[in-house]
Amino acid sequence: MIKAAINVLATPVYSFSIFIALFYLALKRIDIVGTKKFGLGLLIFTLVVFGWMVADPIFFSIISLPDNIPIIILNALVFWSTWYALYKGHQNDLRIEAGEPPIEGTPENREKVWAWPNLVYTELFCGIICTVFLIVWAIFFKAPLEEPANPTWAPNPAKAPWYFLGLQEMLVYFDPWMAGVVLPGIIVVGLIAIPFLDINPKGNGYYTFKERKFAISSFLFGWLALWVYLIQVGTFLRGPNWTFYGPFEFWDFHKVVAENNINLSEIVWIKFFNRALPKNIFVREMFGLVATFGYLFGLIPLITKKWGKSYLERMGSIRYYIMLFLVLSMMSLPIKMYLRWFFNLKYILAMPEFELNL
Amino acid sequence: MSEGFAKKVANTQVWKAIFRHGPPNNARNRAAVVAGNVFLHLHPIKLKKSGVQLGYTWCMGGLTFFIFLSLTVTGVLLMFYYRPTAEYAFTDIIGLREHVPLGIMRELHRWGAHLMVITVWIHMFRVFMTGSYKPPREFNWGVGVILLILTMLLSFTGYLLPWDQLAIWAITVGSNMAKATPFLGNGGPGAALAKIGDFVMVSDKNDVRFQLLGGRFVGEAALLRFYILHCVFIPLVVAVLIAVHFWRVRKDGGISAPL
């Protein structure tokens with residue numbers, strides 16, 4: 001009964017929305033999240049839930065695949081590092097509010113110490129722990145090896161290595177040229193651009209949240225909701241034919257999923273105007289073109305008027321418009337996801353004649 | 001007695017030839033041990049206390065480098081046993097599994113590779129959360145982003161080498177993305193426009209996917225390419241960039257701390 005409910009709640013539309021809601025609440029109430037009590041409670045809760053889930057044979061069979069173990073380690077580290085960074089940030093915010101320097105800037109911590117032994121021993125210690133961990137892991141889990149390569153027989157589902165599964169999951173919502181080339185390219189360029197866009201001088205060299213709310217929230221959103229979350233869906237919840245399966249659902253090859261996604265042009269011309277699609281592709285796709293260019297260019301003055309004025313003044317126009325472009329590119333993914341879930345929208349702009357589908 | 005023995009060893013000509021200073025228990029020798037050792041001289045002699053605390057750095061960058069080194073060692077050992085041809089690749093992996101008593105070299109290499117991807121991500125997360133990309137460290141953040149991409153490419157190219165079903169289909173899925181590159185991929189937007197009369201300029205015989213795989217599908221040519229990329233080309237680039245990265249950490253003022 002509970003498992004059936006979780007299977008339903010795990011569908012992307014629910015789990016993503018729940019994730020976003022929790023994400024928003026966590027950043028809103030950092031004064032609760034950034035305490036040791038909350039961290040401990042979260043840890044115990046997660047361990048109990050995880051232990052309960054692992055007891056399920058179907059969930060266990062997915063999670064115990066040798067190549068899926070790194071994701072469990074990733075999740076543990078992401079969980080811990082996110083909470084810990086917010087915790088340290090909150091502690092420092094309290095200190096700064098009280099007029100004290102951040103913990104990293106106390107006179108005691110500014111003091112210089114010898115690299116030998118302070119730094120060298122720490123590194124040695126971490127190296128030994130890491131080596132022991134790797135050796136134990138290597139003894140207990142054999143590296144996977146399947147049948148010899150056979151180009152004529154494709155396994156179903158065929159999955160990329162786990163660290164690219166977020167991109168593969170994006171393929172549900174975008175065509176390969178977007179999900180595999182353009183968006184990853186924008187991610188890389190955007191990451192490199194961060195130091196040149198974020199000109200806030202505060203928060204340099206110490207944990208904080210309040211002094212860098214916008215920077216940290218948007219980075220965390222991209223990292224947790226659009227990268228780590230999509231990896232989870234792609235790995236644990238996508239079965240044969242890339243169909244969705246709940247964590248406790250058997251990967252039944254015969255699960256039938258209605259493929260009723262339609263393009264914006266079809267919605268407008270056929271459903272709304274009740275007539276055939278125009279022959280000329282630019283007439284046919286004019287609504288998609290308007291929507292795409294409207295999103296990329298038309299929104300900018302509106303956003304600037306409502307939220308962006310102070311940013312524009314502080315950052316200068318070049319920085320500001322590049323940042324806006326990056327944020328709009330990032331938000332295009334969740335927007336496309338919700339359009340798919342709510343309206344079965346396949347492509348906003350569908351020009352298969354040029355292989356150009358958005 | 002043991003102390004006397006240690007002293008005797010430390011007094012031999014051999015010991016003194018290797019370590020040119022006394023034990024690092026006073027200021028002079030602590031400086032000398034770091035400055036005089038080619039491996040340790042990556043470190044500054046002295047640094048701010050906040051920079052050595054695990055609660056600040058989580059040691060994720062250091063661990064990433066450490067795992068890179070152990071992957072180099074295990075990788076070189078694996079190269080002794082592995083031939084990158086469609087005929088031998090899979091059986092060589094079987095051999096590694098079946099014929100080496102207590103062999104965990106492939107496991108160490110594979111799990112280490114996964115772990116390095118994770119640690120490098122968490123390292124980037126830590127650097128972001130401490131605002132360490134801010135001036136004067138903007139350039140080094142960029143180098144770090146490139147290193148992060150290269151880490152994933154290293155892992156990705158290595159994924160093909162066992163030459164099993166898991167390998168070729170994961171690489172097939174991954175490399176199919178290259179086909180969709182705008183203008184440069186056979187199936188990408190704009191590629192169909194690159195035509196002179198009947199002559200198609202971007203076909204499946206010359207697009208970026210073909211360049212990556214050395215063929216139209218993941219075959220023996222792709223195996224050799226990925227082998228070279230994985231064992232020689234990307235590690236060399238990574239090694240150079242790691243040198244730049246570490247150099248700049250030092251030149252930009254060491255591990256970040258409040259200004």
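Author: A:Glu355 sits in the loop that links strand E2 (350–351) and strand E3 (356–357) of chain A. Helices (H or I, at least four residues) and strands (E, at least two) are DSSP runs, numbered from the N terminus. This is a predicted model, in which local features need pLDDT of at least 70 and side-chain atom pairs count only at pLDDT 80 or more, while totals for chains, interfaces and linings use all residues. Residues are numbered from 1 along each chain as its sequence is written, and chains are lettered from A and ligands numbered from 1 in the order in which they are written.

The phi angle of A:Glu355 is near 55°, a positive value in a residue other than glycine. Most residues other than glycine have a negative phi, and most peptide bonds are trans. A:Glu355 is buried, because 20 other C-beta atoms lie within 10 Å. Here buried means 20 or more other C-beta atoms within 10 Å of the residue's own, exposed means 12 or fewer, and partly exposed is in between; C-beta atoms are placed from the backbone.

In chain B, B:Trp163 likewise has a positive phi, near 55°, and is not glycine. B:Trp163 belongs to the loop between H9 and helix H10 (165–179) of chain B. With 25 C-beta neighbours inside 10 Å, B:Trp163 is counted as buried.

Two cis peptide bonds in chain A come next. One joins A:Trp116 and A:Pro117, with omega about 5°, and A:Pro117 is part of helix H8 of chain A. Another joins A:Asn156 and A:Pro157, with omega about 0°; A:Pro157 is in the loop between H8 and helix H9 (165–170) of chain A.

Next, the contact between the chains. In chain A, 74 residues are in contact with 83 residues of chain B, where contact means that the C-beta atoms, placed from the backbone, lie within 7 Å. On the side of chain A that touches chain B, the elements that give two or more residues include helix H6 (69–97), strand E1 (112–114), helix H8 (115–140) and helix H10 (176–197). H8(A) gives the most, with 14 residues. The residues of this side divide into 49 nonpolar, 12 polar and 13 charged. Ala, Val, Leu, Ile, Met, Phe, Trp, Tyr, Cys and Pro count as nonpolar, Asp, Glu, Lys and Arg as charged, and the others, Gly among them, as polar.

E1(A) runs antiparallel to strand E1 (residues 46–48) of chain B and is joined to that strand by three bridges; strands pair if DSSP finds at least two bridges between them. A:Trp114 stands opposite B:Lys46 in E1(B).

The axes of H10(A) and helix H9 (residues 138–159) of chain B come within 8 Å and cross at roughly 165°. Axes are lines fitted to C-alpha atoms, for helices over the stretch in contact, with angles from 0 to 180 degrees between N-to-C directions. H10(A) is therefore roughly antiparallel to H9(B), since angles under 35 degrees count as roughly parallel, over 145 as roughly antiparallel, 65 to 115 as roughly perpendicular and the rest as oblique. Among the residues that make this contact are A:Val188, A:Leu191 and A:Phe196 of H10(A) and B:Trp141 and B:Val145 of H9(B). The contact divides into nine nonpolar residues, one polar and one charged.

Definitions and conventions
Two residues are in contact if their C-beta atoms, placed from the backbone, lie within 7 Å.
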